[in-house]
Amino acid sequence: MRIHRFILLVFFLGIKALKATAFTGTYGINYGRIANNIPSPDKVVTLLKAAKIKNVRIFDFDHSVLNAFKGTGLELVIGLPNEYVKEMSSNSDHALSWVKDNVKAFLPETHIVGIAVGNEVLGGSDNDLSTALLGAVKNIHNATKNLGVDHIVQISTAHSQGVFANSYPPSSCIFKEGVAELMKPLLEFFSQIGSPFCLNAYPFLAYTYNPGKIDINYALFQPNEGIYDEKADLHYDNLLDAQIDAAYAALEDAGFKKMEVIITETGWASHGDQSEPAATQSNARTYHYNLHKRLSMRKGTPMRPRTVLKAYIFALFNENSKPGAGSEKNYGLFKADGTISYNIGFPGLKSSSAASSRLSFKDFGTGKWFSGSYSLAISASILILLLRL
């Protein structure tokens with residue numbers, strides 16, 4: 001009897017091991033390319049390797065990028081843009097062809113580890129697109145299964161916070177009434193195939209829309225009083241953790257308590273319009289440095305302390321061709337020429353000024369980030385510490 005139980009245990013562990021996992025470590029980055037002046041994909045690979053960033057997301061399936069990533073060891077999540085979702089939902093043959101031409105054809109040389117089907121579809125204004133999402137997800141997954149790569153490539157879709165209602169305090173969060181009926185069958189399918197709940201979470205936007213109600217230090221991971229969630233008896237010292245736990249509360253309410261939440265986008269703009277006064281280089285530097293520190297601790301949130309937080313940063317570059325508010329063009333950790341936008345320990349493609357390569361821990365805490373008294377050797381030590389993710 002014990003032998004039989006052991007065999008069954010090994011069998012089920014084997015099944016679990018075959019489920020694709022798209023994110024190793026805790027830190028990743030979104031490589032957006034809505035710009036006409038950013039480095040070529042091969043130079044981007046050089047930049048990512050220098051920064052020791054392994055997890056990368058793109059929003060499409062451009063073959064120049066897929067080819068540049070060949071043999072690099074970098075792990076890539078590609079995107080099926082929203083304009084393809086309806087077609088993939090209605091035609092399984094097209095889904096199979098798409099996966100064959102844009103995923104299977106590049107494996108294993110290019111480490112494509114995930115496909116993001118659409119982006120922020122649910123909760124949007126296009127009802128036909130929303131109703132097509134589940135069909136597209138299933139057809140894309142079935143295509144990976146038919147082609148024998150379902151154990152390598154994880155299927156997901158990212159949600160905005162627009163899918164939630166009553167997100168304050170975090171424990172009261174639920175899915176919006178119009179979203180829940182579409183969200184639940186999607187979550188059921190993701191639960192079956194082992195995919196996480198992917199959330200785009202921006203404390204920057206929350207603060208920008210509610211500057212009178214949110215302490216900016218709470219949004220920037222700086223010392224503050226935080227908030228107390230009386231219902232859950234939990235204290236929050238930063239807004240991102242609260243946003244993540246709001247998602248966990250909504251998932252639990254919907255019957256998916258065990259599903260992991262992964263942050264697929266988060267960032268802070270370094271410049272914006274007059275209506276976006278928090279979009280400054282100093283605030284962006286503070287947010288990203290503190291976020292990096294927080295991720296390096298490999299800890300969870302107050303509601304899920306044992307689930308290590310993983311996050312993809314938005315974004316790699318400033319993107320000068322993005323529409324919308326001025327902030328949309330200025331989320332990059334790097335400028336268009338590959339130099340750093342601000343110093344949080346990453347090297348750029350080109351040497352920056354001596355002043356920008358010297359960091360002081362004291363200045364990090366006060367928001368004054370540059371000090372002429374610290375040597376390059378200390379900066380290198382900080383870099384090594386930060387990049388052990």
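Gly 148 follows helix α6 and has a positive phi, near 75 degrees. The model is predicted: local features need pLDDT of at least 70, side-chain atom pairs count only at pLDDT 80 or more, and totals for chains, interfaces and linings use all residues. Residues are numbered from 1 along each chain as its sequence is written, and side-chain values use heavy atoms, with hydrogens and water left out.

Helix α6 covers residues 127-146; helices here are DSSP runs of H or I with at least four residues, strands are E runs of at least two, and both are numbered from the N terminus. From first C-alpha to last, α6 reaches 30 Å, close to the 28 Å expected at 1.5 Å a residue, where the expected span is 1.5 Å times one less than the number of residues. A kink of about 35 degrees is centred on Leu 133, the bend being the angle between axes fitted to the seven residues ending there and the seven starting there.

Leu 133 is also among the buried residues of α6, as are Leu 129 and Ala 136; buried means under 20% relative accessible area (1.4 Å probe, protein chains only). Their cover includes β3, α4 and α7.

Asn 55, in strand β2, is buried at 2% relative accessible area. Residues touching Asn 55 include Phe 23, Glu 75 and Tyr 312, with contact meaning heavy atoms within 4.5 Å.

The table gives side-chain distances.

| Side chain | Backbone atom | Distance |
|---|---|---|
| Asn 55 | oxygen of Thr 24 | 2.6 Å |
| Asn 55 | oxygen of Tyr 27 | 3.2 Å |
| Asp 126 (N-terminal cap of α6) | nitrogen of Asp 128 | 3.2 Å |

A polar contact is a pair of N or O atoms within 3.5 Å; within protein, one must be able to donate a hydrogen and the other to accept it, and residues adjacent in sequence count only if both atoms are side-chain atoms.

Terms used:
Buried means under 20% relative accessible area, exposed over 50%, partly exposed in between (1.4 Å probe, protein chains only). Lists of a residue's contacts leave out its neighbours within four places in sequence.
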